[in-house]
Amino acid sequence: MCGITARIGNDGSLEDLLVSLKNLEYRGYDSAGIAVQNGAGIEVSKCEGEVSELKAQLTANEHDGPIGIGHTRWSTHGPPTDENAHPHTGCEGRVTAVHNGIIENYAALRESLQDRGHEFTSDTDTEVIPHLVEERLNDGLESEAAFRDAIGELEGSYAIALMIDGDPAVYATRSGSPLVVGIGEDANYLASDVPAFLEFTDRVIYLEDGDDIVVTPDDHRITDGAGRSVSRPTETVEWEPGDAEKGGFDHYMLKEIHEQPVSLRQTIHGRIEGEDVVLEDFPPGTFDGISRVQFVACGTSYHAGMYGEWLLSKWGIDANTFIASEYAAYPAPVDDETLVIGVTQSGETADTLEALQSARERGARTLALTNVIGSTAARTCDDALFIRAGPEIGVAATKTFSSQVATLVLLGERLTRDITGEPTADCRERLESLESLPDHVEGVIENSRAASISHRWLGDNGHFFIGRGNAYSVALEGALKFKEITYEHAEGFAAGELKHGPLALVTSDTPVFAIGTGRHSKRLESNVREIQTRGAPVIAVTPRTATSLTDTADEFLSVPAAHPDLVAILANVQLQLIAYHAADEMERSIDKPRNLAKSVTVE
Ligand code: AGP
């Protein structure tokens, strides 16, 4: 869950490496480091803390060189300390490496290296890599052969970039963790993710698992594990460098909340024609033979999957949602009539990739619903459908949730027609409402009173979110957003479930957000009364038309009366703003909440 990067040029690399690390910081931010070759050896600088601390520690000229590697960390093995920060070096200091992933057999490798006299300076799994390579160089192997042979010893998931002093190249490989190559004018780049070097080049090569690569200032060579040449296409990414900047907002999260009208327009663009849904690569009949749909996902994507399940079930399709890390061990019925949809914005979440792998092994057809073209999920599933939300940097997912659900409404229409032979009921009204959703979201953002409400109603004893039907998944999502960035206790519940236990937690200090879609209002109203009789304030998030709710609640955040299947998406935007303003008031690290990272690439 770290970010790795490399720059291979003919002039100073330090500045670009620092920019790339900053752009990768959403992947992990508890320590950082850089190593450069400057002709007088390899210079390593690393420290606990964010990239800004590393930058302060570095003095440009002294440490610069044409070839360098860098790392920003999210600890898995060994606490965040200067010693455990990457890059790691072998005994003689001529081999240094950065790594993202987990070397599962590192303890055995470390022990045998120590038996052969190697000394270790960190607690990390990564440090075995430069020692293994150094040993092979001492045995007389050439750089590339030494690298490949050492990699052959590793078990687990990894993306690695490695330098050997005096060798004007970077050696890299990927297996289970993402790694992309940037082909620039004056230099070449490697990174865990495209935003790292987007401001230097938009020409990208996506490496596959098992690819080894040697990158020099003017060229690159890709081989497989046996050293045979492999060719990979160079693609041009559509994202603009500005997409990965804050654009004048205090936080990426707030910028991405405000980007939802634009990202939703991108998501639905060209995909609705009257009563028809037009999904590139998914013409009518694509899902003939499918009789069951299963969603696998984590976190926010899991909540989007639940929303999708609710829609499909309503349209007569056998659908279920599974927490990805539970799926492989779960005896769900799977066969060749089962479509398993991995919902994952990054396309790199290890738990979801593992669930998709398990589905494939059980004979299912797999589809990646993702935001990242070229991601592992998109490349390893039978099909991929892109949500087109643009890069999301803030760790807390916001615009990708709305785009995931909007894409699921479209995919659901395709699936329903292929599986049941009929379009969904009131399809035209729903698609018309979906086309106006971006404008509705704009209105919600412009008129939201979330800042004053989160200021007035912050509780000391927990925050609860309740909803019925598809608003239940949004209640869970609202609670997750609140927890992630405020570090305060928050929980989502099916509104009818409170009286079966959680109501015991409700006090005058636990504000409750009640999400209304215009359906089940009467029932939700009685749940609200149950809560109010225990003294808790209730904030209704619902269309103005749901008067039974708005009249009952203590406070009210309004959303436009869109199609009842879509209102919850609008309510979720209000909840994103509630969480944002609450965290801002608490001066939390909103874009990089403690203990979290944007893309969880380890199981
Ligand atoms: C959401 O705000 C979190 N960042 C996290 O729960 C996230 O949704 C989860 O890790 C899944 O990520 P993915 O969509 O990239 O697979």
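The lining of the second largest pocket divides into 10 nonpolar, 12 polar and 4 charged residues. In this classification Ala, Val, Leu, Ile, Met, Phe, Trp, Tyr, Cys and Pro count as nonpolar, Asp, Glu, Lys and Arg as charged, and the others, Gly among them, as polar. The model is predicted: local features need pLDDT of at least 70, side-chain atom pairs count only at pLDDT 80 or more, and totals for chains, interfaces and linings use all residues. Residues are numbered from 1 along each chain as its sequence is written, and side-chain values use heavy atoms, with hydrogens and water left out.

The volume of the second largest pocket is about 460 Å³. Of its 26 lining residues, Cys298, Gly299, Thr300, Lys598 and Val600 are the closest to its centre. Two or more lining residues come from each of H9, strand S19 (338-344), helix H11 (350-361), helix H13 (399-420) and H16. On a 1 Å grid over the protein atoms alone, a pocket is an open set of points with protein on both sides within 12 Å along at least five of seven lines, whereas a cavity is a set where a 1.4 Å probe fits but cannot get out; lining residues have an atom within 4 Å of a point.

The ligand sits in the second largest pocket (more than half of its atoms lie within 2 Å of the grid points). It is surrounded by 14 residues, the closest being Ser301, Thr344, Ser346, Thr349 and Glu484; a surrounding residue has a heavy atom within 4 Å of the molecule. By class, this shell has 5 nonpolar, 7 polar and 2 charged residues. Helix H9 (299-314) gives the largest share, 3 residues, and helix H16 (470-486) also supplies at least two.

| Residue | Protein atom | Distance to a ligand oxygen |
|---|---|---|
| Gln345 | backbone N or O | 2.8 Å |
| Ser346 | polar side-chain atom | 2.6 Å |
| Ala397 | backbone N or O | 2.7 Å |

The protein covers 91% of the 410 Å² of accessible area that the ligand has on its own (Shrake-Rupley method, 1.4 Å probe).

The model also has 4 cavities of 30 Å³ or more. The largest holds about 70 Å³ of space, and its lining includes Cys2, Trp74 and Asp125. The second largest cavity holds about 40 Å³, with Glu144, Phe147 and Arg148 among its lining residues.

Key: Polar contact = N/O pair within 3.5 Å; in protein donor to acceptor, adjacent residues only side chain to side chain. Helix = DSSP H or I, 4+ residues; strand = E, 2+ residues; numbered from the N terminus. Points joined across faces, edges and corners; volume = space filled by probe spheres on them.
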